[in-house]
Amino acid sequence: MLSVQPKGKQKGCAGCNRKIKDRYLLKALDKYWHEDCLKCACCDCRQKRLFGTTGNCAACSKLIPAFEMVMRARDNVYHLDCFACQLCNQRFCVGDKFFLKNNMILCQMDYEEGQLNGSFETQVQ
């Protein structure tokens with residue numbers, strides 16, 4: 001979460017160990033970070049890719065606050081709990097393949113089945 005840094009006492013960044021001279025800093029895991037230093041430990045993505053801006057989930061259409069972690073597929077943003085196959089509701093785990101077809105996220109099995117029986121050609125976006 002972004003917070004205002006009090007004047008005079010600069011915090012040290014947990015990522016690079018340098019002083020944070022910016023007016024705004026991020027606090028995560030009870031530590032302070034430069035915006036560019038807060039990254040995912042698994043994929044090294046910067047925090048801006050992990051968090052969205054306030055908007056609506058592509059699956060449930062409910063509001064996603066800017067501070068909530070999200071999943072993304074192209075331009076679509078999802079709550080973590082909503083990031084599941086939209087046909088069988090299987091939740092995805094790290095490393096699982098998923099497909100975006102006709103603006104739907106699909107597991108590999110449902111995607112391949114749809115490709116085989118041609119059902120994607122008749123679906124309306």
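**Exercise 1. Find the hairpin made by strand 8 and strand 9, and describe its turn.**

Solution. Strand 8 and strand 9 form a hairpin, with two residues between them. N102 sits in the turn and has a positive phi of about 50°. Strands here are DSSP runs (E, at least two residues), numbered from the N terminus. The model is predicted: local features need pLDDT of at least 70, side-chain atom pairs count only at pLDDT 80 or more, and totals for chains, interfaces and linings use all residues. Residues are numbered from 1 along each chain as its sequence is written, and side-chain values use heavy atoms, with hydrogens and water left out.

Next, check the pairing. Strand 8 (98–101) and strand 9 (104–107) run antiparallel over four bridges. Two strands pair if DSSP finds at least two bridges between them.

**Exercise 2. Which residues of strand 9 are buried on each side?**

Solution. Start with the rule. In a regular strand the side chains alternate between the two faces of the sheet. Now apply the cut-offs: buried means under 20% relative accessible area, exposed over 50%, partly exposed in between (1.4 Å probe, protein chains only). M104 and L106 are buried on one side. I105 and C107 are buried on the other. Both faces of strand 9 are covered.

**Exercise 3. Describe the largest nonpolar core.**

Solution. A nonpolar core is a set of buried Ala, Val, Leu, Ile, Met, Phe, Trp, Tyr and Cys residues joined through side-chain atoms within 4.5 Å. The largest has 15 residues. Y78, F92 and I105 have the most contacts inside it. Strand 6 (70–73), strand 7 and strand 9 each supply at least two residues of this core. Strand 9 gives the most, with four.

Look at I105. Contact means heavy atoms within 4.5 Å. Leaving out residues up to four places away in sequence, I105 touches several residues, including Y78, F92 and F98.

**Exercise 4. How many salt bridges does a search of the whole structure find?**

Solution. Apply the test: a side-chain nitrogen of Lys or Arg within 4 Å of a carboxyl oxygen of Asp or Glu. The search finds one. The side chains of R91 and D81 meet at 3.6 Å, N to O. Both residues lie in the loop between strand 7 (76–79) and strand 8, 10 residues apart. R91 is partly exposed, at 45% relative accessible area. D81 counts as exposed, at 59%.
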